[in-house]
Amino acid sequence: MRIGAHVDREDPLAEATARDAGVVQFFLADPQGWKAPQPRPDVEALREAAIDIYVHAPYVINVATVNNRIRIPSRKLLVAHAEAARSVGAKGLIVHGGHVDKGNDIDAGFDNWRKAFAYAAEAGGLATQVLIENTAGGDNACARRFDALARLWDAIGAYDVGFCLDTCHAHAGGEDLVDIVDRVKAITGRIDLIHANGSKDGFDSGRDRHDNFSSGTIDPELIVAVVRAAGAPVVVETPGGAEGQGADIAYLREQLSR
């Protein structure tokens, strides 16, 4: 099982070495901006690296919204990031599940996800597999509660879409981590990546604030149990830079070796 971390995009391979990581995840552009990713000078090194590469899409992408001024640019940016992720040899492009605004019908959000994949298919398909990630907050979120996730998968399950399970988001979003792998797989049929994160906040808080395993509100042994049950590659998105993330990676490796 490969375990690694989300790192700064400037030199992800050096950051991976500093953490003894077998997986690396990073942004290809400003996560809060709408600019398309630019070609990287280290493309060949990334493609030839002996570690797994994952790319996280910008947070601003929300293909579920009924606001066309956000939804249409989101579709285009998703396609652009999928192509850029392919260029660096990424195994997946992680995208948050999105939401509709208060007062809007969440069914429109599920259908907009379907339309996003249909739009991409008409353009020749997404160059990198999209992994939809569960989210921590929002009453109108498409992938916070698993009843909503099931309806989302009913809309998009026919497409080649994967799933990324975030432990902090599940905990803060009100989904118990006990047996969570079985519950997710009953909906999606798969878990392609685990974001193994502690949480600074309590259960069902709706707050997306990651913490290290040693100081968060989630029992670290429960995070280990999720990772073990999923059997998927793992990325920690915890604070503390190389030292903090390195400690979390080492903890997971030690516990999983027992």
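This is a predicted model: local features need pLDDT of at least 70, side-chain atom pairs count only at pLDDT 80 or more; totals for chains, interfaces and linings use all residues.

1. Let me begin with the overall make-up. The protein chain contains nine helices and 10 strands.

2. How does the radius of gyration of the protein chain agree with that of a compact globule? For 258 residues, a compact globule would come out near 18 Å, and the protein chain has 17 Å, so the two agree.

3. Of the 258 residues, 53% are buried. If you take contacts between residues at least 6 apart in sequence, 74% of them join residues at least 24 apart.

4. Helix 3, residues 68-87, packs with helix 4, residues 106-122, at an angle of about 45°, and their axes are 10 Å apart. Angles of 65 to 115 degrees count as roughly perpendicular and those under 35 as roughly parallel, so this pair is classed as oblique. The crossing of helix 3 and helix 4 is right-handed.

5. Which residues make that contact? Helix 3 contributes Arg 71, Arg 75, Lys 76 and Val 79. From helix 4 come Asn 112, Lys 115, Ala 116, Tyr 119 and Ala 120. By class, the residues of the contact of helix 3 with helix 4 are four nonpolar, one polar and four charged.

6. Helix 8 covers residues 220-230 and helix 9 covers residues 241-256; their axes come within 10 Å and cross at roughly 70°. That angle falls in the range of 65 to 115 degrees, and helix 8 and helix 9 are therefore roughly perpendicular to each other. The crossing of helix 8 and helix 9 is right-handed.

7. On the helix 8 side, the contact is made by Pro 220, Glu 221, Val 224, Val 227 and Arg 228. On the helix 9 side, you will find Tyr 251, Leu 252, Gln 255 and Leu 256. The residues of the contact of helix 8 with helix 9 divide into six nonpolar, one polar and two charged.

8. Is Gln 255 buried or exposed? Its relative accessibility is 14%, and the cut-off for buried is under 20%, so Gln 255 counts as buried. Leaving out neighbours within four places in sequence, Gln 255 is in contact with Val 224 and Arg 228, both of which belong to the helix 8 side of the contact described above.

9. Asp 20 has a positive phi, near 55°, in a residue other than glycine. Asp 20 sits in the loop between helix 1 (12-19) and strand 2 (23-26). With a relative accessible area of 54%, Asp 20 is exposed.

10. Asp 179 also belongs on the list. The phi of Asp 179 is positive, about 60°, although Asp 179 is not a glycine. Where is Asp 179 placed? It is in the loop between helix 6 (167-173) and helix 7 (180-188). Asp 179 is exposed, with a relative accessible area of 53%.

Conventions. Residues are numbered from 1 along each chain as its sequence is written. Side-chain values use heavy atoms; hydrogens and water are left out. Axes are lines fitted to C-alpha atoms, for helices over the stretch in contact, and angles run from 0 to 180 degrees between N-to-C directions. Helices (H or I, at least four residues) and strands (E, at least two) are DSSP runs, numbered from the N terminus. Angles under 35 degrees count as roughly parallel, over 145 as roughly antiparallel, 65 to 115 as roughly perpendicular and the rest as oblique. A crossing is left-handed if the near helix is turned anticlockwise from the far one by less than a right angle, and right-handed if clockwise. Contact means heavy atoms within 4.5 Å. Ala, Val, Leu, Ile, Met, Phe, Trp, Tyr, Cys and Pro count as nonpolar, Asp, Glu, Lys and Arg as charged, and the others, Gly among them, as polar. The radius of gyration is taken over C-alpha atoms; the globule rule is 2.2 Å times the number of residues to the power 0.38. Buried means under 20% relative accessible area, exposed over 50%, partly exposed in between (1.4 Å probe, protein chains only).
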